[in-house]
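The questions below take some labels in turn and set each one against its cut-off.

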Amino acid sequence: MSDIFREVEEDVRKERLEKLWKAYGEYVIALLVLTVLGVGGWQLWLRYEDSQRTKAAGEFVAAQHITNPTQAAAAFDALSKTAPSGYGELAKLSKANALVSAGNSNDAVAIYKDIANSDSGPLGAVARLRTAWILADTAPHADLVTLLAPINADSDAWHEMAREVLAYSDYKAGKVKDAAGEFDTLANDPESPDALKNRARAFAAFLHEGGAANYGTVPPPAPPPPPGAPPGAPPEAPSAPATP
């Protein structure tokens, strides 16, 4: 009897499966096809992205080897418009660097500021610092403070570099005592990079030793001796101005 019940149960289960397949079999097949296509499409997309990154890397290296800065800027500009994210931003920063080398600081600063305003990571920090150094000789100190504020907090990894620019700006503004103190602080900061410590220590010593003092202008050279005068003769005295 148990065998009969088992056969009946299997027939019922088989009939149910056939009904389910007739009702939903097409959907199951479609789902399987879409899954296969999705996986295949994703793999193709990954391969495409990898090929684009490889291509951009080659073009980036080629642009770096261009010795003419104007031509290099043009190459980086073209790459920044076609390269995937990452290489595109690096190409934009490199274009600004090339423009600085070509003597076009105004356009370079505009690009640096655009990068700084759109990127809060290392790329934006580098753009802020390069902008600040270009402007350090001429910009008001307050403008540099505003520009560098996003990377000048004590907890920010870039704050020592930002404060080096501000110390230099104080020196250019004639605030020698303030600048010397700021360079001393940077030189003694254990978190300052070694190269920055060395620069700060040298600049602080220069200021402490009076290197920023104004000793006046160099006097003009003595006039030459009169024509035909023997060696060692005194120089010709300047003639008196004509009376009106």
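Q: What pattern does the chain follow when it is read along the sequence?
A: In this predicted model, the chain follows the pattern α-α-α-α-α-α-α-α-α, with nine helices and zero strands. Of its 244 residues, 25% count as buried, and the chain exposes about 16,700 Å², of which carbon and sulfur atoms supply 60%.

Q: How do you know that the span of helix H2 agrees with its number of residues?
A: Helix H2 runs over residues 69–82, and at 1.5 Å a residue its 14 residues should span 20 Å.

Q: What makes the buried residues of H2 line one face of the helix?
A: The buried residues in H2 are Ala-72, Ala-73, Phe-76 and Leu-79. Seen down the axis of H2, the buried residues fall within an arc of 130 degrees, and therefore they line one face of the helix. The face turned away from this buried side carries Thr-70, Lys-81 and Thr-82, which are exposed.

Q: Which atoms come within 2.9 Å of each other at the start of H2?
A: A side-chain oxygen of Asn-68 reaches to within 2.9 Å of the backbone nitrogen of Thr-70.

Q: Which residues of helix H5 are buried, and what covers them?
A: In H5, the buried residues are Leu-123, Gly-124, Ala-125, Val-126, Ala-127, Arg-128, Leu-129, Thr-131 and Ala-132. What covers them includes helix H3 (87–101), helix H4 (105–118), helix H6 (141–148) and helix H7 (159–172).

Q: How many aromatic pairs are found in the whole structure, and why is the pair of Phe-183 and Phe-203 called stacked?
A: A search of the whole structure finds seven aromatic pairs. The rings of Phe-183 and Phe-203 have their centres 4.6 Å apart and their planes at 15 degrees; since rings pair if their centres lie within 6.5 Å, and planes under 30 degrees apart count as stacked, the pair is stacked. Phe-183 lies in helix H8 (residues 176–188) and Phe-203 in helix H9 (residues 194–208), so the pair ties together parts that are 20 residues apart in sequence.

Q: Why is the pair of Phe-203 and Phe-206 called edge-to-face?
A: The planes of these two rings stand at 90 degrees, with the ring centres 5.8 Å apart; planes over 60 degrees apart count as edge-to-face, and so this pair is given that name. Both residues lie in helix H9, three residues apart, about one turn of the helix. Phe-203 and Phe-206 also belong to one aromatic cluster with Trp-133, Tyr-168, Tyr-171 and Phe-183.

Q: How do you know whether Phe-183, Phe-203 and Phe-206 are buried or partly exposed?
A: Buried means under 20% relative accessible area, exposed means over 50%, and partly exposed lies in between. Phe-183, at 3%, is therefore buried, whereas Phe-203, at 21%, counts as partly exposed, and Phe-206, at 35%, counts as partly exposed too.

Q: Why is Lys-197 called buried, and what does Lys-197 touch?
A: Lys-197, which lies in helix H9, has a relative accessible area of 17%; because buried means under 20%, Lys-197 is buried. Not counting residues up to four places away in sequence, Lys-197 touches Leu-186, Ala-187, Asp-189, Pro-190 and Ser-192.

How values were computed
Residues are numbered from 1 along each chain as its sequence is written. This is a predicted model: local features need pLDDT of at least 70, side-chain atom pairs count only at pLDDT 80 or more; totals for chains, interfaces and linings use all residues. Side-chain values use heavy atoms; hydrogens and water are left out. Helices (H or I, at least four residues) and strands (E, at least two) are DSSP runs, numbered from the N terminus. The expected span of a helix is 1.5 Å times one less than its number of residues. Buried means under 20% relative accessible area, exposed over 50%, partly exposed in between (1.4 Å probe, protein chains only). The arc is that of the directions from the helix axis to the C-beta atoms. A polar contact is a pair of N or O atoms within 3.5 Å; within protein, one must be able to donate a hydrogen and the other to accept it, and residues adjacent in sequence count only if both atoms are side-chain atoms. Rings of Phe, Tyr and Trp (its six-membered ring) pair if their centres lie within 6.5 Å; planes under 30 degrees apart count as stacked, over 60 as edge-to-face and the rest as tilted. Accessible areas come from the Shrake-Rupley method with a 1.4 Å probe; for residues, only the protein chains shown count as cover. Contact means heavy atoms within 4.5 Å.
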